[in-house]
Amino acid sequence: MKYAIIAAGEGSRLAKEGVNAPKPLVKVNGVCLIDRLISVFMDNHAEQIIVICNSNMTAVSQHLAELKEKGLNGTAVPLEYIVKSTPSSMHSFYEISKYLEDGPFCLTTVDTIFHEEEFAQYIKEFNECVENGTADGMMGVTDFIDDEKPLYVGADSDMNITGFFDEQNGCKLISGGIYGLTPGAITILRQCIERGDSRMRNFQRALVAAGCRLKARLFSKVLDIDHAGDIAKAEKFLNGES
């Protein structure tokens with residue numbers, strides 16, 4: 001399994017609230033967000049990990065260079081990274097897509113916080129769907145809503161995704177920013193770029209419109225680190241305090 005991380009945002013809201021570190025280097029329980037994801041991916045048999053970071057974040061690119069050279073906590077990391085500023089998360093995905101054309105992969109944003117055991121089960125189920133040919137992708141979702149602009153996910157009783165919506169429209173699930181996909185999704189991504197689309201939610205809508213079979217996989221809770229107060233929330237969540 002290949003893994004990819006979108007770490008190209010500037011973290012402007014965090015900076016305005018006094019968090020000086022760029023978002024990928026923000027620490028939760030003493031561990032940088034980027035390092036935590038890489039560690040989780042390594043625990044789930046990462047063949048390769050691809051990261052894109054903002055060209056304005058020299059501290060992040062330097063950190064990635066050190067990880068590639070020296071590894072993480074003494075363990076070598078099969079890391080590739082791109083340093084480039086992009087207008088949206090979908091464009092960031094496009095920039096790293098060349099590494100993801102030859103097999104199933106899992107993509108996340110750098111600030112996605114989840115329980116590691118739930119993620120491991122998610123990867124297991126995604127792999128089973130790919131091997132059985134029963135789905136073209138599996139999206140991590142949650143019914144915990146603590147987001148300013150959530151992307152609502154419609155799903156039937158078998159957790160087949162029926163749509164992605166900006167408004168609730170009766171949906172009980174939202175996207176967790178965890179995307180398990182197969183290479184066919186790259187073709188649709190490139191079509192979105194050619195049309196001038198942006199934002200990951202529009203790419204996901206394009207997947208549904210193209211007839212891709214997408215499953216929703218429920219996580220008990222998924223958090224994002226958008227504000228300074230989210231750091232403490234994430235630590236409590238991971239420490240089993242909430």
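Predicted model: local features only at pLDDT ≥ 70, side-chain atom pairs only at ≥ 80, totals over all residues.

Colleague: Good to know. Let's begin with strand β6: which strand does β1 join by five bridges?

Modeller: Strand β1, residues 2–7, is joined to β6 by five bridges, and the two run parallel. Within that pairing, K2 stands opposite F105 in β6.

Colleague: And in what sense do β6 and β10 pair, parallel or antiparallel?

Modeller: Antiparallel: β6 and strand β10, residues 173–181, pair over four bridges. Here F105 stands opposite L181 in β10.

Colleague: Nice. How many of the residues of β6 are buried?

Modeller: Four of the five residues in β6, which covers 105–109, are buried. The strand is therefore largely enclosed by the rest of the structure.

Colleague: Can we zoom in on T108? Where does it lie?

Modeller: T108 lies in β6. Its relative accessible area is 0%, under the 20% cut-off, so T108 counts as buried.

Colleague: What does T108 touch, leaving out residues up to four places away in sequence?

Modeller: T108 touches A4, I5, I6, L37, F41, G177 and I178.

Colleague: New topic: C53. Is that one buried or exposed?

Modeller: C53 is buried, and its relative accessible area is 0%. You will find C53 in strand β4, residues 48–53.

Colleague: What is around C53, again ignoring residues up to four places away?

Modeller: C53 touches A7, A8, V60, S61, L64, I82, V83 and K84. For a sense of scale, C53 and D102 are 49 residues apart along the chain, and their C-alpha atoms are separated by 23 Å.

Colleague: One more strand, then. What does β11 pair with?

Modeller: Six bridges join strand β7, residues 137–142, to β11, and these two run parallel. T142 stands opposite F219 in β11.

Colleague: How many residues of β11 are buried?

Modeller: Five of the six residues in β11, which spans 214–219, are buried. That is why β11 is described as largely enclosed by the rest of the structure.

Colleague: Now for the helices. At what angle do α4 and α6 pack?

Modeller: Helix α4, residues 89–96, packs against helix α6, residues 184–195, at an angle of about 125°, with the axes 10 Å apart. The two helices are therefore oblique to each other.

Colleague: Left-handed or right-handed crossing?

Modeller: Left-handed: that is how α4 passes α6.

Colleague: Which residues meet there?

Modeller: From α4, M90, H91, F93 and Y94 meet I186, L189, R190, C192 and I193 in α6. By class, that contact has seven nonpolar, one polar and one charged residues.

Colleague: And what about α6 and α7: how do their axes cross?

Modeller: The axes of α6 and helix α7, residues 200–209, come within 10 Å and cross at roughly 120°. That makes α6 oblique to α7. The crossing of α6 and α7 is right-handed.

Colleague: Who meets whom in that one?

Modeller: A185, I188, L189, C192 and R195 in α6 meet F203, A206 and L207 in α7. These residues divide into seven nonpolar, no polar and one charged.

Colleague: Last one, S89. Where is it, and how exposed is it?

Modeller: S89 is in helix α4. It is partly exposed, with a relative accessible area of 26%. Not counting residues up to four places away in sequence, S89 touches I6, R199 and M200.

Colleague: How far is S89 from C129 in space?

Modeller: They are 26 Å apart, C-alpha to C-alpha, and 40 residues apart in sequence.

Definitions and conventions. Residues numbered from 1 in each chain as written. Heavy atoms only, no water. Axes fitted to C-alpha atoms, helices over the stretch in contact; angles between N-to-C directions. Parallel < 35°, antiparallel > 145°, perpendicular 65-115°, else oblique. Left-handed = near helix turned anticlockwise from the far one by under 90°. Contact = heavy atoms within 4.5 Å. Nonpolar A, V, L, I, M, F, W, Y, C, P; charged D, E, K, R; others polar. Buried < 20%, exposed > 50% of the residue type's maximum accessible area, 1.4 Å probe, protein only. Pairing = 2+ DSSP bridges.
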